[in-house]
Amino acid sequence: MNFEWSGVWDAMPTMLDGLLVALTATGIGYVIALVLGLVFAFMRRSESRWISMPVGFLVEFIRSTPLLVQLFFFFYVLPLIGISVSPLATGAFALGLHYATYTSEVYRAGIDGVPQGQWEASTALNLSTRRTWTNVILPQAIPRVVPALGNYVIAMFKDTPQLLAITVVEMLGGAIAIGSETFRYSEPIAAAGLVYLVVALLMAWVARMVERRYGQVRV
Amino acid sequence: MTTTNGEFITFDGVHKSFGKNVVLDDLHFSVGAGERVTLIGPSGSGKTTILRMLMTLTRPDRGTISVDGDYLYHEKSGDQLVPASEAHIRKVRSRITMVFQHFNLFPNMKVLRNVTEAPIHVLGTPKDEAEAKGKELLELVGLGDKLNAHPSQLSGGQQQRVAIARALAVDPDVLLLDEVTSALDPEIAAEVLDVLRDIAKSTDVTMLLVTHAMKFARDVSHRVLMFNEGKIIEDASPEQLFNEPEHDRTKSFLRSVIDES
Amino acid sequence: MSSGLMSFIWEGLANTLLLTVFGALLGLVFAFIAGLGRSSERKWVRGIAMVYTEVFRGFPSLVLLFVLIFIIPTFGFQLNPLIAGILALALNIGAYAAEVVRGAVKAVPPGQLEAAIALNFTPVQRLRKVILPQAVVAMIPPFTNNLIELLKATSLVSLVYISDFTFAAQLIRASTGETALVFFGLLVGYGIIALVFTTAMKLLERMAARSLGRTVPSGLFGRKEVAA
């Protein structure tokens, strides 16, 4: 069988539909990861061991096990407990939960990176705990975490093909659908690979720009 | 200019700048075989750059450097000077070694291996011979009981003494000492300097030193060169230079160094 | 559970471990070639190494797996699926680990290279005797992260019908209908494998640190993102 570049080209309209799905899953998942990661980070810092320990264990557990299996788990188990949402929503949630365990580590490193003297100075000025967080610690921690957080958008986008396992038709899923109609798989899969690569490299470039502009720690 | 006994090391028209900052400006000087020469001057005046150039760690922009008739960065091709090959540089470099301000011991090797690694793998000395000599040298610097310690388990002064033994182990003709006590407490520094005094007495190795330890410089050197803004402004015997400096800049520099210590 | 189903699990587990271990070994080879290649003096070597790391970090591993399984055979190369799986995983993880190699080599203090030059070591000796033994110690903690990422990525091969741990679980789910239990058990299984790998790497890390005369504080959950 020969490889026909025209087949790659023919698959492009389907790829664009798939790209939209992949970007939607990435976008929703990323918001979940950013918010849930912060929640995890705070809970792991809790003074109560009854909170910090189980959350720490859960985070390590989710981070050490495959996203694919987590996708299956939620896809099959959520309906059993009466939650029926679309596969795309399930996928975005699983993606967000998985990456929240990564972002929580990034937040933690960012917060730990703020010098101890900043806490002490806040105490010396009698700032409330909340004001210390919002006006002193977070403004210094966030610039430190921007580059790492940017990289996780790209990582999440590259994990979206796994959503095909729970019937979400993104680009790779689209390619397989074309293949099952035309009995030619190579060209549409190549098309999917090409689009993933181009978009991921583009995202990496944007992340580098963002990092250059906002990521520097000003002293 | 004072006389030198022969021209073992020669800098000829050497120029170096880092960006707009001119560190060495058309430098000419030579050092005789077995001579001990101390380079003094304010920081940034180019002293360390001279040692680094001799060690092939920093390349000159212009000019030539030669050691015992061999060019360091050039080789002769017919009657033309062409940039030296790696093999040529290694051949000339084999006669030179350096002790650094921050010791730079290899943390992945124990003390004895730090000293024997180059003799065995660069000079091809048989292992037992290299180890016997290494032990002897470590004994000489007062660390005969630390052969199997990791460098990280030693104090700064001990690490620097290992570094001195490591340098002597390759049997150099030229020993470069770059601010070897600047990173040490005064008391510890004195121990290291005592070791170097003994070595200066008992060998005929050519030494170029950059140091702020003026008493030591006076004791061991035959000649002192005062650097300022990339040029040698005074070249004299230690007695002459420390007792009756000619140049005003030398006077003010010596006063500031003595005030400091 | 019948012994037939149990044998699926054992076979799946064996394949998952096989994919992880051989993927890691082959990935290590790619990582060192590309990671050291990026600090080569030759421009074309740097170029190839950079293209490799950028492309394979930008390429989803599942897509890579599909390319090796479905596209490469159309050009006449028939790969054993398990070998194709190992190759895809290794190409992917190798690109990430290459950055680890590069960073660790760059992090060796410049004084070490200068001392090696002062002792007249050859360029190869400088790398082998001085730079790498120190850099490798710094590589182990990030390599532990890479290894766990690789373990997780092996589950993707189940989507191209390679009978790994996840694939075995799918078979059992289909024949028993115990959905929640099977997938939960599968997650716990991966968690335990990850813990074993992490513990082994932790031991390796302590041994390596000892080679530099350092000690590493102990701790069970030692796997942390290394702050840049």
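This is a predicted model: local features need pLDDT of at least 70, side-chain atom pairs count only at pLDDT 80 or more; totals for chains, interfaces and linings use all residues.

Biologist: What length should helix H8 of chain C span, and what do its end C-alpha atoms say?

Modeller: Helix H8 of chain C covers residues 179-211, so that's 33 residues, and at 1.5 Å a residue it should span 48 Å. Its end C-alpha atoms are 48 Å apart, which agrees.

Biologist: Nice. Switching topic: which chains have the most contacts between them?

Modeller: Chains A and C, among the 2 pairs of chains that touch.

Biologist: And how far apart are the closest C-alpha atoms of chain A and chain B?

Modeller: They lie 25 Å apart, and no contact joins chain A and chain B.

Biologist: OK, what about chain B and chain C? How many residues are in contact?

Modeller: On the chain B side there are 26 residues, and they are in contact with 22 residues of chain C.

Biologist: How much area is buried between chain B and chain C?

Modeller: About 2100 Å², with carbon and sulfur atoms giving 55% of that. Of the area that chain B buries against chain C, 25% is supplied by Arg90(B), Phe106(B) and Asn108(B), more than any other three residues.

Biologist: Why talk about area at all?

Modeller: Because the size of an interface is often given as the accessible area lost when the parts come together.

Biologist: Got it. How many salt bridges and polar contacts are there across the interface of chain B and chain C?

Modeller: There are 3 salt bridges. One of the salt bridges pairs Arg126(C) with Glu86(B), and their closest N and O atoms are 3.5 Å apart. For polar contact, 14 residue pairs turn up across the interface of chain B and chain C.

Biologist: Which elements of chain B give two or more residues to the side that touches chain C?

Modeller: Helix H2 (86-93), strand S8 (96-99) and helix H3 (111-123) of chain B. H3(B) gives the most, with 4 residues. Sorted by class, that side of chain B has 12 nonpolar, 8 polar and 6 charged residues.

Biologist: Now zoom in on chain B itself. How is chain B divided?

Modeller: Into domain 1 (1-95 + 173-191 + 205-261) and domain 2 (103-171). The contact between these domains of chain B takes 7 residues from domain 1 and 9 residues from domain 2. Their C-alpha centres lie 26 Å apart.

Biologist: So what area is buried between domain 1 and domain 2 of chain B?

Modeller: About 630 Å², and carbon and sulfur atoms give 65% of it. On the domain 1 side, Leu175(B), Val180(B) and Leu184(B) lose the most area to domain 2 of chain B, together 45% of what that side buries.

Biologist: What's the salt bridge count between those two domains?

Modeller: It is 1 salt bridge between domain 1 and domain 2 of chain B. The side chains of Glu191(B) and Arg161(B) also meet in a salt bridge, at 3.5 Å from N to O. By class, the side of domain 1 of chain B that touches domain 2 has 4 nonpolar, no polar and 3 charged residues.

Biologist: Last one: how many salt bridges are there over all chains?

Modeller: The count comes to 28.

Note on methods. Residues are numbered from 1 along each chain as its sequence is written. Chains are lettered from A and ligands numbered from 1 in the order in which they are written. Side-chain values use heavy atoms; hydrogens and water are left out. Domain bounds come from an automatic or database domain assignment. Contact means heavy atoms within 4.5 Å. Buried area is the accessible area (1.4 Å probe) that two parts lose on being put together, summed over both. A salt bridge is a side-chain nitrogen of Lys or Arg within 4 Å of a carboxyl oxygen of Asp or Glu. Ala, Val, Leu, Ile, Met, Phe, Trp, Tyr, Cys and Pro count as nonpolar, Asp, Glu, Lys and Arg as charged, and the others, Gly among them, as polar. The expected span of a helix is 1.5 Å times one less than its number of residues. A polar contact is a pair of N or O atoms within 3.5 Å; within protein, one must be able to donate a hydrogen and the other to accept it, and residues adjacent in sequence count only if both atoms are side-chain atoms.
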